[in-house]
Amino acid sequence: MGISAVIGTIFIVLYSFTTIGLALLVLLENRNPLKTIPWVIVLIFIPGIGLIVYYFFGRDNRRIRIISRRIYKRFLKLDHKEIKKQKQIFNELPGQFLPLANLLKNSNYSAIFKGSDVSVFTNGSDMFDVLMEDMRSAQSHIHLQYYIFQDDVIGNAVRDLLMAKAREGVKIRVIYDDVGSWDTKNSFFQDMKKENIEIYPYLKVVFPILTSKVNYRNHRKNVVIDGKVGYMGGMNIADRYIGGDRLGLWRDSHFRITGPSVNGLQSAFLLDWYGVSHQLLKGEDYYPELPIYSDMKMQIAMSGPSSHWRTLMHAYIFIISNAKKYIYIQTPYFLPTEALNQALQMAALGNIDVRLMIPKRSDTKSAHLATLSYIDKMLEAGVKVYLYDRGFLHSKLLVVDDMMTCFGSANFDFRSFEHNFEINAFVYQRNFAVKMKEIFLQDMRSCKEVVYSVWRKRPLTERLAESFMRLFAPLL
């Protein structure tokens, strides 16, 4: 046997042991079998590439803490006066939602705030006009965090305004996701740094082929102005929300919050700020006394791959499982965990009015194909499915029983529940739930309802492609 043959044999043996070892490691992590099986398939049947893909996207970083529990508690710890107020607000909650509020408190330290006011934006033009006006009025600080910060017309307008406010002496802090904003040139952010704006990428990926950070992204959208006004929802900073793109105008939901709940957004931002800058910011400048506007009760909850609990997924399961009348969902990507999949089907089979709205066309073909593979069983169980056809639906909304509303950055998919850093609001108020239900019903006018008898007659090639992509749904 020649030297080359010996080297080849050694390589094959080492590669085989490495692949088998990684496959065993995946099994020993005791993950959801729906995630374990596709990774084992990838590792064994796609030699070489499988190892690389697993290194980027497969490793479970849930045990790795970006922010220590001590720092986390320090940010969210309440004083004695606030603890008494929290107990009083909890006692005012409808009994059916008390376990949900406790779930968010115990798994995520989510305080409950009473008295906020929320404005809803369903188009980018209106939202950016009001956001820019609020930022122009800033006196102390502007905290801004987005998954995507694009170098386009609206991106330049926001950047220029931030630089102008920095020159006025307003403190500007910016966080953007390094992968989400990959298309944006570094010079775009450097221009802001030259104006003394503090700006950091989240989980910066310097050498993509040498890190698995690329799979764990900060998908949060969060703006806090002077500790008094907050914004959150699904919109990034990009022209697509105003002028559209190849998919048409992006239909999304974003929310302007005033009152006590802004403290929850501020805590979320300052936690992420500590994670990127190691600066521990506290004090009255960031948490001023805020007025009471209503009887609305709200919790701000965060989730991420370094969290001990999958808070948002658990909360969704609880809400869906305890619905009495209806469940309305808007999401651009529908790739539910098995628990959520079953919860929705059981609700529909129990004569709950379950309605699911997804886009007819998507910006991600693989995820959209996998999404469509879930429709058949949903329809069979009695879920009403609507395909939004007036542009691209990017809104994330869950509204239940004219009582509970959940909105924020999280999609209804594996990635948002397990891989991304997300932030959502849980609102306990009838008036707001009715308002969001009406918006959902209005969006239905731009949809085509899927008819089961027609859907099941789709070409075999389409169904095979969808079923194949579903195998990789936990990885998309």
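Me: At what angle do α7 and helix α8 (residues 153-167) pack?

Reply: This is a predicted model, in which local features need pLDDT of at least 70 and side-chain atom pairs count only at pLDDT 80 or more, while totals for chains, interfaces and linings use all residues. Residues are numbered from 1 along each chain as its sequence is written, and side-chain values use heavy atoms, with hydrogens and water left out. The axes, which are lines fitted to C-alpha atoms over the stretch in contact, lie 10 Å apart, and the helices pack at an angle of about 10°. Because angles under 35 degrees count as such, α7 is, relative to α8, roughly parallel.

Me: Which residues of α7 meet α8?

Reply: Contact means heavy atoms within 4.5 Å. On the α8 side the partners are Ile 154, Ala 157, Val 158, Leu 161, Leu 162 and Lys 165, and from α7 they are met by Phe 128, Met 132, Met 135 and Arg 136.

Me: Is Ser 125 buried, partly exposed or exposed?

Reply: Ser 125 has its place in helix α7 (residues 124-136), and, not counting residues up to four places away in sequence, touches Tyr 241 and Ile 242. Buried means under 20% relative accessible area and exposed over 50%, with partly exposed in between (1.4 Å probe, protein chains only). Since its relative accessibility is 31%, Ser 125 counts as partly exposed.

Me: How far apart are the C-alpha atoms of Ser 125 and Asp 239?

Reply: Along the chain, Ser 125 and Asp 239 are 114 residues apart. In the model, their C-alpha atoms are separated by 9.5 Å.

Methods: Helix = DSSP H or I, 4+ residues; strand = E, 2+ residues; numbered from the N terminus. Axes fitted to C-alpha atoms, helices over the stretch in contact; angles between N-to-C directions. Parallel < 35°, antiparallel > 145°, perpendicular 65-115°, else oblique.
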